[in-house]
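Please read this briefing alongside the sequence and the 3D view.

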Amino acid sequence: MKSNLFYRTLSILCILLTLLLSACTSKTPEAESTPEPQSTEQPAQEQESEQDPTKAYIAPLTGLPTAEPVTARPIAVMINNMSKARPQSGLTHADMLYEVLAEGGITRIVAIFQSENFQEPIGPIRSIRPYLIDLGDSYQGVLVHAGASTDGYAVLQRQHKEHLDEISNAGPFFYRDKSRKAPHNLYSTLEKLREGAAKKKYKADVPMTTYPFAKEEDMPMGEEATKITVNFLLKNYKVTYDYDATSKHYSRSINGQPHIDLNTKETLTATNVVVLGADHRTLDDVGRLDVNLMKGGEAVLYQRGKAISCTWSRSKTSDVIRLYKDGQELPLYPGKTIFNIVPNIPTFASHIQVG
């Protein structure tokens with residue numbers, strides 16, 4: 001009995017041992033020795049770094065892609081806009097253009113250069129006024145001019161503005177073009193102006209001005225506006241912007257004639273056109289003006305063939321003019337921007353015609 005019981009128990013133990021060994025060896029050697037597959041794709045961040053280098057950086061004033069970071073200090077040049085001074089040189093390379101009244105009903109252009117490097121002439125260059133100082137200074141720019149009004153010189157000296165004046169402090173960095181008559185023949189180049197600023201040991205690093213920019217695929221807002229006419233003061237002086245849906249640019253004309261750059265023979269264009277109203281005050285018998293660029297007021301932003309009624313304001317004197325709608329800053333589309341500053345008299349709207 002005991003012997004039978006012993007053999008039965010031994011038999012059961014053998015069966016259990018066999019089952020246990022089978023379970024332990026059910027995983028094949030192949031499965032145990034095969035390594036986990038490794039991905040051959042690069043991490044997303046590394047793939048992005050291999051993209052076209054021209055898309056690696058964004059110009060702060062235009063929102064356009066650049067091959068190198070844009071860190072140069074802006075250069076703000078006072079450009080003569082009398083009929084005898086046109087066509088001017090260098091304006092197609094400016095990131096921003098401001099057109100504003102000077103005395104006698106004529107306008108002056110403040111050209112802000114930063115993101116583009118070029119060798120061609122810039123000009124004709126003319127004198128500066130306090131509100132023109134304000135515009136150039138709002139970009140932390142080196143101010144470039146030829147002379148100034150009495151109060152303009154007072155601001156430059158009292159506030160220690162960093163400026164290049166052909167008459168008082170930087171003559172060697174300008175030149176006269178003998179093919180044109182004075183005073184419409186004063187020019188310089190970006191290279192000369194940066195050389196002048198460096199020689200005078202002006203700051204090279206300044207806080208960068210930036211804007212919010214819309215994505216190219218963002219749909220534009222506003223009312224239809226494919227042709228805009230701006231009247232500054234004189235009835236015989238009209239600036240027109242015509243929208244081209246293919247290029248998504250507005251082309252600029254003066255008195256029905258394309259406003260071209262003498263260097264490139266190209267018509268001035270802008271992705272964004274701004275018209276804003278500011279209080280103007282006549283200071284003297286010569287007609288010199290004071291233009292209030294801090295008060296804010298009505299404005300219209302034109303982009304992608306649409307018009308957005310909005311307001312403009314500045315939070316402080318060191319900031320640029322910005323546009324707002326329903327409490328939010330309006331973005332610009334990537335590209336060049338032209339600002340047109342008109343009087344609020346008789347009304348802001350009286351200076352604009354659409355269609």
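**Briefing on the predicted chain**

The chain has six helices and 24 strands; helices (H or I, at least four residues) and strands (E, at least two) are DSSP runs, numbered from the N terminus. This is a predicted model, in which local features need pLDDT of at least 70 and side-chain atom pairs count only at pLDDT 80 or more, while totals for chains, interfaces and linings use all residues. Residues are numbered from 1 along each chain as its sequence is written, and side-chain values use heavy atoms, with hydrogens and water left out.

**Whole chain**

- Of the 355 residues, 45% count as buried; buried means under 20% relative accessible area, exposed over 50%, and partly exposed in between (1.4 Å probe, protein chains only).
- Among contacts (heavy atoms within 4.5 Å) with a separation of 6 or more, 62% join residues 24 or more positions apart.
- The accessible surface of the chain is about 19,000 Å², and carbon and sulfur atoms hold 54% of that area. Accessible areas come from the Shrake-Rupley method with a 1.4 Å probe; for residues, only the protein chains shown count as cover.

- A nonpolar core is a set of buried Ala, Val, Leu, Ile, Met, Phe, Trp, Tyr and Cys residues joined through side-chain atoms within 4.5 Å.
- The largest such core has 84 residues, and Tyr98 and Tyr302 have the most contacts inside it.
- Beyond four places in sequence, Tyr302 is in contact with residues including Ala225, Tyr250, Val273, Ile352 and Val354.
- Helix H4 (residues 130-137) is mostly covered, with six of its eight residues buried: Tyr131, Leu132, Ile133, Asp134, Leu135 and Gly136.

**Serine 89**

- Serine 89 lies in the loop between strand S3 (75-80) and strand S4 (96-101).
- Serine 89 is buried, at a relative accessible area of 2%.
- Its side chain makes a polar contact with the side chain of asparagine 263 at 3.4 Å. A polar contact is a pair of N or O atoms within 3.5 Å; within protein, one must be able to donate a hydrogen and the other to accept it, and residues adjacent in sequence count only if both atoms are side-chain atoms.
- Residues up to four places away aside, serine 89 touches Pro121, Ile122, Gly123, Tyr187, Asp261, Leu262 and Asn263.

**Glutamate 266**

- Glutamate 266 sits in the loop between strand S14 (257-258) and strand S15 (269-270).
- Glutamate 266 is partly exposed, with a relative accessible area of 46%.
- Neighbours within four places in sequence aside, glutamate 266 contacts Thr92, His259, Ile260 and Asp261.
- Glutamate 266 and leucine 91 are 175 residues apart in sequence but 9.8 Å apart in space, C-alpha to C-alpha.
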